[in-house]
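I opened a notebook page for this model and wrote down each item as I looked it up. The entries follow the order in which I went through them.

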Amino acid sequence: MTLQVWVNDSKVGTLDRHGSGTTFVYDQGVQPSNAISLNMPVRTASYDHPYGLLPVFDTNMPEGLLLDNLRRELSKAYGHADAYDILSETGKNQIGRVRVLKAGEEPQRKPSIRSIQEVLEAEATEAFVTDMFRKYGLRSGVSGAMPKVLLEEEVDSFFDPEKQRITIETQDYILKFDAADYPGLSLNEYHCLKVARLAGNKTAECYLGKHGRTLAVQRFDNLDGHRSGFEDLASLNAMTSEEKYSGTIEKALFATIKNFSAENAKQNLNELYRQIVTSIALRNGDAHLKNYAVLFDDAEKGPFTLAPAYDIVTTKAYIASDMMAATYGGSKRWPKPKAVEQMAIRAMLTSQQAKAIISEVGAAVKEAMPAMIEDFKRFEMLEVGLRVAACWNEGVTESLGMDPIDFDYMTDERSS
Ligand SMILES: Nc1ncnc2c1ncn2[C@@H]1O[C@H](COP(=O)(O)OP(=O)(O)O)[C@@H](O)[C@H]1O
Ligand SMILES: [Mg+2]
């Protein structure tokens, strides 16, 4: 089955199976600004991949539980379900501006809900999560292991005299649910993103569910009513999601960002350094190539901006021996303060600038810690909160060279 590839409202090419791989070819007359990947400029010759999907089409492939569910559902219906089959379902509604449709399908509106608030107030019971998956899962082209769906909320409707019709304003979210194996994951991410913001990173806007077990992350891949180009660092390195842990911070992150940033290089490298230091301080061992990305409108001329920080979690609170997702200086071990400071050279920053960023990150962790612990206590997961706090403390002392943060509960525990 041939698939049609669109960029926003324009059809730009076709995708087909090719042996055990895939082949993509642009239509005639496609604007260079509408390239589907920064690695795939518009040209006459096809783009071929010997096995599986071309990296750009692998970007939003679901993983984990969501992938298992989809596989089961599609195999039941069609008798087979490989990555190409899955793309033919999830490609209609995915992150970024590229859409993949079956022949004859038009780009269509995504499933929408009246209010994200209602979803956030619901208790994320197994039945509720299953129901959300049944309704929205099959049509959610979003990667990652945490159970999640894409939702569109109707914010307001009003009569637009210019267009002579009723316009509905919408807001897009990625809705994430706690996974059984990782208690407090939503709360953990919520507070990590809070630290990231306090530390001066641009971050995705996010809202915690009333029961602390759901997280709604507002999508940043929208641009005045249409989608902006979104390409993660796996795709920019021409790697698929299976290779997301195989990059180096030096090459796959800094050098690649520099390479694809045109005149925004300095700004993007600066922001990337801040994001990396934040993840090190928070002991986020999942800062792999799919958790950094570039946003753009015009694929040829840019501007290319580093996407806001997303998916920051203190993973070490669950996996005591967790290390970094990408190597630095040939090792995945958490770096010492000197190495963190020296890393700044890759970002074209002076050592003074690096010191300022490091101390801003450290100060943010310190400021955010009490409220984080309180929140875990409120949702009856204090024990997890204390583990997160211990990780943050390890991060700021061992990697940022700061004094330890003395948090109340640590003192309480010592005295009891
Ligand atoms: N705020 C956002 N706006 C747009 N896309 C996002 C946003 N946050 C995450 N994504 C995309 O969704 C994918 C999955 O989200 P992520 O938060 O990384 O989930 P997981 O914890 O399962 O890895 C990311 O790899 C990225 O492609
Ligand atoms: Mg992720």
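In which loop is the place of P147? I found P147 in the loop between α5 (126-136) and β7 (148-160), where helices (H or I, at least four residues) and strands (E, at least two) are DSSP runs numbered from the N terminus.

Before going further I noted that this is a predicted model, in which local features need pLDDT of at least 70, side-chain atom pairs count only at pLDDT 80 or more, and totals for chains, interfaces and linings use all residues. Residues are numbered from 1 along each chain as its sequence is written, while chains are lettered from A and ligands numbered from 1 in the order in which they are written.

Entry on P147, continued. I recorded P147 as buried because it has 23 C-beta neighbours inside 10 Å; with C-beta atoms placed from the backbone, the term buried asks for 20 or more other C-beta atoms within 10 Å of a residue's own, exposed for 12 or fewer, and partly exposed covers what lies in between. Leaving aside neighbours within four places in sequence, I listed L65, L66, V129, K176, F177 and A179 as the contacts of P147, a contact being two C-beta atoms, placed from the backbone, within 7 Å. I also looked up G64, which is 83 residues from P147 along the chain, and found their C-alpha atoms separated by 7.9 Å.

Entry on G329. This residue lies in the loop between β15 (304-306) and α10 (337-342), and I counted G329 as exposed because it has 12 C-beta neighbours inside 10 Å. Its C-alpha atom and that of G209, 120 residues apart along the chain, are separated by 40 Å.

Entry on the strands. I saw that β2 (residues 10-18) and β3 run antiparallel and are joined by 6 bridges, strands being paired if DSSP finds at least two bridges between them. H18 stands opposite G21 in β3, and the hairpin of β2 and β3 has 2 residues between the strands, with G19 in the turn at a positive phi of about 60°. On the other pairing, β3 and β4 (residues 47-49) are antiparallel over 3 bridges, and T22 stands opposite H49 in β4.

Entry on the core. The largest nonpolar core has 115 residues, of which L272 and Y273 touch the most other members; such a core is a set of buried Ala, Val, Leu, Ile, Met, Phe, Trp, Tyr and Cys residues joined through C-beta atoms within 7 Å. Helix α11 (residues 351-378) gives the most to this core, with 11 residues. Not counting residues up to four places away in sequence, Y273 touches M343, A344, A347, L349 and I357.

Entry on backbone angles. Most residues other than glycine have a negative phi, and most peptide bonds are trans, so I looked for departures. G302 and P303 are joined by a cis peptide bond with omega of about 0°, and P303 lies in the loop between β14 (293-296) and β15. N8 has a positive phi near 50°, is found in the loop between β1 (3-7) and β2, and counts as partly exposed because it has 17 C-beta neighbours inside 10 Å.
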